[in-house]
Amino acid sequence: MKIQDVPQDPGACLAGHEKLNYAVDAEGKYVGVPTIGWEVETAVTQVSTQITVEQITRAWEDARAGRTSPLGYHMAVVQMDAGQLANEVGLWAWQVRRHCKPAVFAGLSDAMLSRYADAMGIAVATLRQVPDAPDVP
């Protein structure tokens with residue numbers, strides 16, 4: 001992309017800030033060029049955010065209804081799947097999925113809950129509960 005082609009579309013994503021893009025100058029060298037946004041990037045970010053909100057809301061509804069444990073909800077909030085969380089806590093993904101069952105989750109040790117909480121950057125007390133409303137971006 002040439003310097004003059006760097007998009008300058010104001011959008012909600014950057015909220016008046018600039019970010020750095022790289023473009024080719026007249027001599028063919030890459031240089032940093034500030035941009036205030038790009039319409040396509042704004043649209044993609046909005047769709048992505050909406051999908052995340054829907055996933056968190058669905059996980060919250062499932063946890064509130066007892067179809068999944070609080071672990072499933074908190075995984076959605078931090079946008080981790082079973083494989084990612086398993087890797088962080090040193091388990092197999094099937095074990096994390098099993099811990100998403102309410103009855104199994106209820107029997108987890110404090111040490112296991114602490115490993116999960118640390119991996120997600122939350123307190124054990126927070127991990128044990130499902131909030132009154134989903135924590136959406």
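## Elements and numbering

Helices (H or I, at least four residues) and strands (E, at least two) are DSSP runs, numbered from the N terminus. Residues are numbered from 1 along each chain as its sequence is written. Because the model is predicted, local features need pLDDT of at least 70 and side-chain atom pairs count only at pLDDT 80 or more, while totals for chains, interfaces and linings use all residues, and side-chain values use heavy atoms, with hydrogens and water left out.

## The pocket lining

Helices α1 (39-64) and α2 (70-77) each supply at least two residues to the lining of the largest pocket. A pocket here is an open set of points on a 1 Å grid over the protein atoms alone, where a 1.4 Å probe fits, with protein on both sides within 12 Å along at least five of seven lines, and lining residues have an atom within 4 Å of a point. Among the lining residues are Thr-52, Ile-56, Met-75 and Arg-97.

## Salt bridges

The structure holds five salt bridges, each being a side-chain nitrogen of Lys or Arg within 4 Å of a carboxyl oxygen of Asp or Glu. In one of them Glu-41 pairs with Lys-19, with the closest N and O atoms 2.4 Å apart. Since Glu-41 lies in helix α1 and Lys-19 in strand β1 (residues 19-24), the pair ties together parts that are 22 residues apart in sequence.

Asp-132 and Arg-64 also meet through their side chains in a salt bridge (3.7 Å, N to O). This pair links distant parts of the chain, with Asp-132 in the segment after α7 (124-127) and Arg-64 in helix α1, 68 residues apart.
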